[in-house]
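This report covers selected local features of one protein chain. Headings follow the order of topics.

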Amino acid sequence: MRPVAAAAEGGGGTVLRQVLTGSERTKLDTGDDRGFYDAPRLVKHVDDGFLDQVTELYRQRIPEGGAVLDLCSSWVSHLPPEATYSKVVGHGMNAAELARNPRLDSFFVRNLNASPDGWAAADQSFDAVLCCVSVQYLQQPERVFAEVYRVLKPGGVFIITFSNRLFYTKAISAWRDASGYARCQLVKQYFQAVAGFTAPEVLTELPKQVAGTAAGNGMLPQWLKPLSRFFARTSLDPFYAVVAYRNFKRE
């Protein structure tokens, strides 16, 4: 596995406006992010129910054989095990974690809060960009989303997923104590701040017949199924996804 070379500084898509104020970008822990992520964390930060939905969303939205960029990745990318892609490039803050990820063909280490754009990736080179449970740490999301727009092919998809779990002292002020609804609206604004993305789509669950259900749920009477879904959802880490495409959504 070869690391991708560090990027030269450069521009991305057009940022139409700044979503966050200066105070909303701040963190409780102002120490160097590189030190915080220096020790590998070979754990999953959310439960399997959440991750099953992430994988199913990837299965539905990432084109087979496409080129994938996994932003803020680690030792696992949650991609469908049966799917094949032309390449999967990982990004993160810890090389040891990324080197353990079997789905990555290459990776690069970069602090997006210090260097949010200018990645070593060609314009329009990826069919999908992913960011799982990490958008809450971005202090320059407008510039990061603009760079994502730059590297996406026309019709390429950017998939943001998150739950209610976080490193509280490293999340930005605008995120820390917001509700799930408010966080979805914030991510929508990140997309809307960059010219050319389609209208962002918010998902809070995937169709159960596709994403999987608890054993026996299919045998429940129809009137009990909504109640079953409610209790299943409240017992798991909540699932939120915000999805948009460069220019248009591929059919």
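This is a predicted model: local features need pLDDT of at least 70, side-chain atom pairs count only at pLDDT 80 or more; totals for chains, interfaces and linings use all residues.

The side chain of D105 reaches the backbone nitrogen of V88, at 2.7 Å. K87 and D105 are 18 residues apart along the chain, and their C-alpha atoms are separated by 6.2 Å. K87 has a further contact through its side chain: its charged end sits over the ring of F126, 4.8 Å from the ring centre.

Most residues other than glycine have a negative phi. Q124 is not a glycine, yet its phi is positive, at about 55 degrees. Q124 belongs to the loop between β4 and β5 (126–132). With a relative accessibility of 40%, Q124 counts as partly exposed.

N247, likewise not a glycine, has a positive phi of about 75 degrees. N247 is found in the segment after β8 (240–245). The relative accessibility of N247 is 39%, so this residue counts as partly exposed.

## Helix α2

Helix α2 covers residues 48–61, which makes 14 residues. How far apart should its end C-alpha atoms be, at 1.5 Å a residue? The expected span is 1.5 Å times one less than the number of residues, which gives 20 Å for α2; the end C-alpha atoms are 20 Å apart, so the two values agree.

At the start of α2, a side-chain oxygen of D47 comes to within 3.3 Å of the backbone nitrogen of G49. Within the helix, F50, L51, Q53, V54, T55, E56, L57, Y58 and R61 are buried.

## Aromatic rings

How many aromatic pairs does a search of the whole structure find? The search gives 10. A pair of aromatic rings is described by the distance of the centres and the angle of the planes. Ring pairs join F145, Y149, F158, Y190, F191 and F197 into a cluster.

Charged side chains are also placed over rings. R176 lies over the face of Y168, at 5.9 Å from the ring centre. The other case is that of K87 and F126, with 4.8 Å between the charged end and the ring centre.

Technical notes:
Residues are numbered from 1 along each chain as its sequence is written. Side-chain values use heavy atoms; hydrogens and water are left out. A polar contact is a pair of N or O atoms within 3.5 Å; within protein, one must be able to donate a hydrogen and the other to accept it, and residues adjacent in sequence count only if both atoms are side-chain atoms. Helices (H or I, at least four residues) and strands (E, at least two) are DSSP runs, numbered from the N terminus. Buried means under 20% relative accessible area, exposed over 50%, partly exposed in between (1.4 Å probe, protein chains only). Rings of Phe, Tyr and Trp (its six-membered ring) pair if their centres lie within 6.5 Å; planes under 30 degrees apart count as stacked, over 60 as edge-to-face and the rest as tilted. A charge sits over a ring if NZ of Lys or CZ of Arg is within 6 Å of the ring centre and within 35 degrees of the ring normal.
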